[in-house]
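Subject: Structure for you to look at

Hello,

Here is the structure I said I would pass on. Please open it next to this message and follow along.

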Amino acid sequence: MNSAPLDRLIDALADTGMTRFFRRMFDDYPDLLMKDQTVEAVRPDRTFKLGGRWVTNFGSDSFLGLDQDSRVTSAIERGVRAWGSHNGSSRAFASVEPNVRAERKIADWLGTEAALIYPSVTLANVGALPGLVTRRDVVVADQFAHNSIDEGLKLAKARGVRTAKFAHNSPDALEETLRSLRPFRHAVIAVDGVYSMSGHLPPLAEFQRVAREYDACLYVDDAHASGVLGEHGRGTVREALGGYDNVLTIGSLSKGFSCLGGFVGGSQAAIDVLKLKSNSLIFGGPVPPPYLEAVCTVVDILMSAEYPALRAKLDANVRHLTRGATQLGLAVMGGRVPIVSVLVGAEEATLKAGKFLYEHGYYVQSVVFPAVPHGAGVLRMQVNANHTPAQIDGLLDALAALKDATPMPEASAVASLVAA
Ligand SMILES: Cc1ncc(COP(=O)(O)O)c(C=O)c1O
């Protein structure tokens, strides 16, 4: 029987590259793969039911625990009553009032002139990055910048813009890359504000010096820092540079904020241009109004007198887990943002380790290739402000049992890894 071209296309894709890699892994380790599972229920105490078992969830980016904060959930309910579930229109036509209010609040919180909200950080990066440049300009990115920056570069390149990568966190490599691309009108330098796996921060002040010498500006994806690094959770840029001159700062509303979306903060002139030049914003829908109401509530919490205590709780939890895992002799990475990773190594061993912890009552993410290099799988543990010390001790006990049951890399193995 003749199959349809679509069926043959799908068959061909199933047998190529990454799809084939994962298919083989599914076949080889059917009971190990802790991916693609359904969360069946959630409780306010950071436990959830997964695969029929209640476990403590160390896999959530809701770093401040605001997903369970009644002020945030009430704001969403209030937003639904006032605006319905969605206004259903691109912002190229009109924006609802909570959108305008949320952008004003984000800008005031950051200390930028203006801000622009996108439905996600990915859509910000694939909209703003190509929107900022023409064929006369260039875009360069840190080799370990987030995948969505890479996608933004690909779109820019498809429109005839020259793009390049430079060695991780190296001002010399950045300078060399820009020099090799000359002549150009302007350059955009795209980096992460914090590399979540390694905890590396970019040398922003040195990058800024190079930027000014080469008619370039900085584009900093601070997604992981939003709400959790810097004064009032403003992120890394203002701390490193004292302000936002010659910089666009990009943040997340889905991680520390526990809402939905991403934003770009910068000068009013830059935001006005991005509104006209970001295809993902013009041709796609916005964050629904109830979530914009929640964003406004979260900014109020970040700016309130209560924030330092919330942050202190989160920071104490991060220290507790990092110190404990280090004392166990595990190869610990990160801890700068509330993501603590433990190196395991081979894909199978990493998946087995995740399953072991799950069976001991703790969900953490087993991260394997392509998110990390081949053979450098990690257990990624996201710490939240509303994890209790007892939950962290319990996870540490489970990690100790894992180490007794399985050979794990020595702490020194981290140094040889260049994972971002
Ligand atoms: C640096 C960075 N940029 C972008 C994203 C993607 O964010 P979003 O889920 O809002 O598209 C992430 C998510 O982990 C990230 O870490």
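How many residues lie between β1 and β2 in their hairpin, and which residue in the turn has a positive phi? Keep in mind while looking that this is a predicted model. There are four residues between the two strands, and R46 is the one in the turn with a positive phi, of about 70°.

β1 and β2 run antiparallel and are joined by three bridges. A41 has K49 in β2 as its bridge partner. β2 (residues 47–50) then pairs with β3 (residues 53–57), again in the antiparallel sense, over four bridges. One of the pairs to look for here is L50 with R53 of β3. β2 and β3 also form a hairpin, with two residues between the strands. In that hairpin G51 takes a positive phi near 55°.

These strands belong to an open sheet of four, in the order β1-β2-β3-β13, and its pairing is mixed. β1 (39–42) and β13 (362–363) each have a single partner strand, so one side of each has no neighbour in the sheet.

When you look at the strands, remember a general rule: side chains in a regular strand alternate between the two faces of the sheet.

Another open sheet of four strands has the order β11-β12-β15-β14, with antiparallel pairing. Its edge strands are β11 (332–334) and β14 (365–367), each of which pairs on one side only. On average, neighbouring strands of this sheet are turned by 30° against each other, with direction ignored. Within the sheet, β12 (residues 339–345) and β15 (residues 377–382) run antiparallel and are joined by six bridges. G345 has its bridge partner in β15, namely G377. Helix α14 packs on this sheet and touches β12, β14 and β15. The direction of α14 makes about 30° with that of β15.

The helix pairs

α14 (residues 347–359) also packs against helix α15 (residues 389–405), at an angle of about 135° and with the axes 10 Å apart. Because of that angle, α14 counts as oblique to α15. α14 passes α15 in a right-handed crossing. On the α14 side the contact is made by A353, F356 and L357, and on the α15 side by A398, L402 and A405. By class, the residues of this contact are six nonpolar, no polar and no charged.

The other pair to look at is α3 (residues 70–83) with α12 (residues 289–303), which pack at an angle of about 145° with their axes 7 Å apart. Their crossing is right-handed. Among the residues that meet are R71, V72, I76 and W83 in α3, and P289, Y291, E293 and I301 in α12. The contact of α3 with α12 has twelve nonpolar, two polar and three charged residues.

The ligand

Which residues come nearest to the ligand? Of the 13 residues around the ligand, the nearest are S120, V121, T122, H146 and A223. The shell around the ligand divides into two nonpolar, nine polar and two charged residues.

Regards

Technical notes:
Residues are numbered from 1 along each chain as its sequence is written. This is a predicted model: local features need pLDDT of at least 70, side-chain atom pairs count only at pLDDT 80 or more; totals for chains, interfaces and linings use all residues. Axes are lines fitted to C-alpha atoms, for helices over the stretch in contact, and angles run from 0 to 180 degrees between N-to-C directions. Angles under 35 degrees count as roughly parallel, over 145 as roughly antiparallel, 65 to 115 as roughly perpendicular and the rest as oblique. A crossing is left-handed if the near helix is turned anticlockwise from the far one by less than a right angle, and right-handed if clockwise. Two residues are in contact if their C-beta atoms, placed from the backbone, lie within 7 Å. Ala, Val, Leu, Ile, Met, Phe, Trp, Tyr, Cys and Pro count as nonpolar, Asp, Glu, Lys and Arg as charged, and the others, Gly among them, as polar. A residue is near a molecule or strand if its C-beta atom, placed from the backbone, lies within 6 Å of it. Two strands pair if DSSP finds at least two bridges between them.
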